[in-house]
Amino acid sequence: MKKLLTAFVGSMALAAAPMAMSAEANKELKMAYDADPVTLDIHEQLSGGMLQLSHMTFDPLLRWTKDLGFEPRLAESWERVDENTMRFKLREGVKFHSGNELTTKDVKFTFDRLKQSQDFKAIFKPFSELKVVDDYTFELVTSEPYPLLLNTATYIFPMDSEFYTGETENGQSKSAITKHGNSFASENLSGTGPYVVTGRQQGVRVEFERFDDYWDTESPGNVGKIVLTPIKENNTRVSALLSGGVDFIAPVPPTDLERIRRDKNSDLVTMSGTRIILFHMNQDRVEAFKDPKVRQAIAYAINQEGIAAKIMKGFATPAAQMSPDGYQGHNESLTPRFDVAKAQQLMKEAGYEDGFTITMMAPNNRYVNDDKIAQAVAAMLARINIKVDLKTLPKAQYWPEYDARAADMMMIGWHADTEDSANFFEFLTFCPDADTGAGQYNAGNYCNPEIDALVNKANVETDLDKRAAMLKEVEQRLYDDAAFVPLHWQDLAWASKKNVKIEPILNVMNFPYLGDLVVE
Amino acid sequence: MLAFLVQRISQAVLVMFVISVIAFAIQDGLGDPLQQMVGMSVSQEEREAIRDEMGLNDPLVVQYLHFAGNALQGDLGTSYFYGKPTLDVILEHLPATLELVIGASLIILVFSVPIGVYAAIRPQAWLSKFFMGVSTVGISIPVFLTAIVLIQLFSIGVTVDWFPDDSGWGQWLNGALSTQGGLPSYGRGDDLTPLFGTWNSGFFSQGGILHLILPSVSLASIMLPLFIRLIRAEMMEVLQSDYIRYARAKGLSSARINFLHALKNTMLPVITVGGVQIGIMVAYTILTETVFQWPGVGLMFLEAITRSDIPLIVAYLMVVGLIFVITNTVVDLIYGLVNPTVKLTGKKA
C-alpha cells in the first residue's frame, strides 16, 4: 500500500513537474545595456545589439556554445549529404508567438529574406538555395564546398512566415525590410524565442515577458519578465547596478571593474574578447610604408603589453595577429614584439634613421579608450623618429574619413561576423577591389595576392584541420610582413547582482542566452 | 500689444529660418548617418544605393528646398533612428524635460526667495554668510559633478568607517557621515500617470517623485545660487532707496516693508533674468539628462548627434529656437504687467 502511494505521489509529482517549471518563471530582471535594439526587424541591421534581441525573441537553428562549438536549437540534428549540401532536421511542435507552428516553410521564408537583407546578404552569398524536403526536413546548399556552413547557420533565426506575409493597412508588404522609416517588421514581432516583446519605447525601455508556449521546457531559465533600459553613460550604468536600480549591466567600463569587484552585492564576469583593435599603415600615402623594414620597425616600436596594462587597465589581451584564441587561424607562436633598439636598427637599415612625419586618425567614442590608445601609439612612434600628427574624431565623423583613407595611419576594430579568421583577412588585408568588395576596410592598401589566394583556398576547404593550418600560415606571413599593427583584443565584462547567475549564460560573442538565466 | 506680437512672430519666423539654414549647412560635419544604420560588412555599392534612396546624394540646396517645402506644411522630416516624424519624437520626449525643468524651478523658487531676502535683510548674520559661501561653491561646481556626487551619496550610499566604532562618539560620527542610499539613480521609473496625449507624468506617484528628486536638485544646483545672489543684491539696493526709508519713517511694520514694497520691485529684474535662464536651463538639461538617463529631449538630442540623425537635430534646434522666442515674449509681457510704465514696442506713446 505504501509502495503504491509512493508511486502515485511520484507520478503526480512528475506530471506536475512541467507545470511547476513554467509557474516558476516569475522572476523579474531589470537590465541596462549601453543601447537598445534599433528595430524589431532582426534582418534590418547586423549588429551585436540586434543579435542579442534575436536570441531573446527568436531562436536560431543552432547556436554557439561557450567553447565555440555548436548546440542544436530549432534544428534537432544535421548531417552532410555531399560536399555542397547539409541536411537539417527541424524540431517538431515548436510554436511561434502568434500561435502558428514552425515548419520548413518558415525557414525557407527566413532564408529568402536574409538573401534580400542589405546587411546579411554578404554572409549568405555562399549559399545557392534552401531546399525544402518535407515539413521538418530541409537542405542548405552552397555553390562551392563551404567550411563555415554551420557558422552561418547560427544566423538563421526562423521567422513566422504567416505573420510576416501580406499587406499592412496602408498597403505596405509585411515582409519588407526598410532601413529608414517604419515597416511592419520593425514594430511587430513573432518568433519562437523565450520572450515576447510586450512594450517598447525606443531609447527609453523595452519590456519582455516569457512566452508561455516556449518549446524549450528543459531550460532552467526562471525569468518571467525583463525590462531593458538603455543607459549610454558608463557612470550611470554602473551606479544603477550599485544602487540596486538594475540587476544586470553590460558592458562594464574598465575604470569601474575594481569598484564592482569590491562591491559585496555584485558579481563581475570578464572574458577575453574577439574584437581586434589595430592600426593600418597606408602604403599609397606614405612611400616609407612600402618598405617592410619600416613596417616592422613600427611593429617593434609599439608596446602592446604596455597599452593593455596601463591604458586598458589589464582589460585587454595583447595581440600580435588578428585571430583570437579559439579561432581556426590563431597561431600560438605569434607573440607581441616590443624592442625599441631593434626598431631603431630597422629604421636605420631602411634609410629612415632621421624619421619622417605622418598623419594619424582614430575615433574617440567607438572603442574602449580609443583616443588614449592612439595618443600612446603616437608617443611610441616618436621614439623611432616618426612624428605623428594625430586627430581623433567622434565615430559619426570618423567613418567617412576612414572610407576616404584620409590619414596615413588609421585605427579600426574588427569582429568577425562568421567567428572565423578568414573574415578578418577578407575585409582588412585583402588587396582592395571595389568590384568584389574585397579589402573594403584595408586602409593600409596592403596587397599580397599570394596570401589572398591562400585564404581563398582555405575558404573552400572543408577539412577543418587542413584549413586551420592554412589560416595559421596566413597569420604568420602577415606577421612577418608586418602588414598592419595589431594592438589587442578588447575584453568583455558584465556585472550583476549576486542572486542573478549570469556566468553560465554568457559567451564570447556577447549575446547572453537570457532564456536560460536563473535568478535565485 | 498687437504690434508687439506681430513683431515677435516675424522675429520667430526669421529665427527659424536662420536655424534651419545653419543646421543644414553643418550637416556634412555631423558625420554619416548611414554608418549607424548598416553593419560594417555592407558593401560600398549597397551603401550608395541606400544613400540614393534616402536622398542623401542630392545637392545640399535641393535637400534644403525639399526640407523647407515640407516644413512649411508642418512636416519637419522623419527621424532616421526612430523612423517616425521628428515632431512626434520631440513631443514624446518633451514632457520628461518639462517636468524636470518644473521640478528644478520649484526648488529654485522655494529656496531662492526666502534665502535671498533673508541674506539681504541680515547681511551680517552668520547664516547669511554661510548661504553666500555655499552659493559661491555651488556656482563653481559643474552640474555633472554635482549629479555624480548626489548619486553616490543618495542612491548608492556611503559607508564611513574612519572613526573607531567602539567609542560612542566614533559610532555617532560614522553614522552621521554615512548615507543610506536608495534613491533611484536613473530614468523616470515605472509609475507614470497618463495625463493626455503622450504626456505621462511623474508628479502624481511616489515613485515618480522619487525619480525626480536627484535630477531636479542637480539641475537646480546651477541656478539656485545665482538666483539667491541676484535676489540678495537687488533687494539690498531696493532697501537703500528713498521710498523704503520713507515707509520706515512712516512706521510701517518691517514685514510689510520687506515683503510687499521691497520684494515687488526686487522681482522685476529677477523675472527678466529668469526668462533668459529658462533658455539656458534647456542647455543644462542636456547634461543632467545624460547623467541620469532621463528620457527627455536633451538626451534625445545628444544621442541624435552621435547617430548623425540630421532631421531630428534640425527639428530639435528649431523647436528650441521657438521655445526661446516664446519664453522671451512671455517674459516681456509679464514685465509689462508688473511694471506698466514699460512700453513693449519701444515706441513713444
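Mentor: Let us begin with a charge placed over a ring: in chain B, the charged end of R307(B) lies over the ring of F81(B), at 3.5 Å from the ring centre. Please keep in mind that this is a predicted model.

Trainee: Which ring does the charged end of K174(A) sit over?

Mentor: The ring is that of F184(A), and the distance from its centre is 4.8 Å.

Trainee: How many aromatic pairs are there over all chains?

Mentor: The count over all chains is 31 aromatic pairs. One of them joins Y164(A) to F184(A), with 6.3 Å from centre to centre and 80 degrees between the planes. Planes over 60 degrees apart count as edge-to-face, so this pair is edge-to-face.

Trainee: Where in chain A do the two partners lie?

Mentor: Y164(A) belongs to the loop between α4 (149-153) and α5 (184-187) of chain A, while F184(A) is in helix α5. The partners are 20 residues apart, and the pair links distant parts of the chain.

Trainee: Is F184(A) buried or exposed?

Mentor: F184(A) has a relative accessibility of 14% and the cut-off for buried is under 20%, so F184(A) counts as buried. Y164(A) is also buried, with a relative accessible area of 0%. Elsewhere in chain A, one aromatic cluster is formed by Y398(A), W399(A), Y402(A), W414(A), F427(A) and Y441(A).

Trainee: How should I read salt bridges?

Mentor: Side chains of opposite charge can pair when their charged atoms come close. Over all chains, the search finds 29 salt bridges.

Trainee: Which residue does E99(B) meet in a salt bridge, and where are the two placed?

Mentor: E99(B) meets R188(B), with 2.8 Å from N to O. E99(B) is in helix α5 (residues 86-121) of chain B, and R188(B) is in the loop between α8 (168-177) and β1 (193-196), 89 residues apart. Both ends are buried: the relative accessible area is 1% for E99(B), and the relative accessibility is 12% for R188(B).

Trainee: What is the accessibility of E71(A) and of R63(A)?

Mentor: E71(A) is partly exposed at 27% relative accessibility, whereas R63(A) is buried at 6%. Their side chains form a salt bridge of 3.0 Å, N to O. Chain A also holds a network of salt bridges that links D59(A), R73(A) and D216(A).

Trainee: Which residues form salt bridges with R205(A)?

Mentor: Among them are D190(B), whose closest N and O atoms with R205(A) are 2.7 Å apart, and E207(A), for which that distance is 3.0 Å. R205(A) is buried, with a relative accessible area of 16%. The bridge to D190(B) joins chain B to chain A, and the rule finds two salt bridges across that interface.

Trainee: How is the size of such an interface expressed?

Mentor: The size of an interface is often given as the accessible area lost when the parts come together. Here the area buried between chain B and chain A is about 3700 Å², with 51% of it from carbon and sulfur atoms. M40(B), S41(B) and Y186(B) supply 18% of the area that chain B buries against chain A, more than any other three residues.

Trainee: How many residues are in contact, and how many residue pairs are in polar contact?

Mentor: On the side of chain B, 43 residues are in contact with 46 residues of chain A. The count of residue pairs in polar contact between the two chains is 17.

Trainee: Which helix of chain B gives the most to the side that touches chain A?

Mentor: That helix is α3(B), with seven residues. The helices that each supply at least two residues of this side are α2 (34-37), α3 (44-54), α7 (143-156), α11 (254-292) and α12 (297-306) of chain B.

Trainee: What should I note about chain B as a whole?

Mentor: Chain B has 13 helices and two strands, and its C-alpha atoms fill a box of roughly 80 × 75 × 35 Å along the principal axes. Of its 349 residues, 46% are buried. Among contacts in chain B with a separation of 6 or more, residues 24 or more positions apart account for 69%.

Methods
Residues are numbered from 1 along each chain as its sequence is written. Chains are lettered from A and ligands numbered from 1 in the order in which they are written. This is a predicted model: local features need pLDDT of at least 70, side-chain atom pairs count only at pLDDT 80 or more; totals for chains, interfaces and linings use all residues. Side-chain values use heavy atoms; hydrogens and water are left out. Rings of Phe, Tyr and Trp (its six-membered ring) pair if their centres lie within 6.5 Å; planes under 30 degrees apart count as stacked, over 60 as edge-to-face and the rest as tilted. Helices (H or I, at least four residues) and strands (E, at least two) are DSSP runs, numbered from the N terminus. Buried means under 20% relative accessible area, exposed over 50%, partly exposed in between (1.4 Å probe, protein chains only). A charge sits over a ring if NZ of Lys or CZ of Arg is within 6 Å of the ring centre and within 35 degrees of the ring normal. Contact means heavy atoms within 4.5 Å. Buried area is the accessible area (1.4 Å probe) that two parts lose on being put together, summed over both. A salt bridge is a side-chain nitrogen of Lys or Arg within 4 Å of a carboxyl oxygen of Asp or Glu. A polar contact is a pair of N or O atoms within 3.5 Å; within protein, one must be able to donate a hydrogen and the other to accept it, and residues adjacent in sequence count only if both atoms are side-chain atoms.
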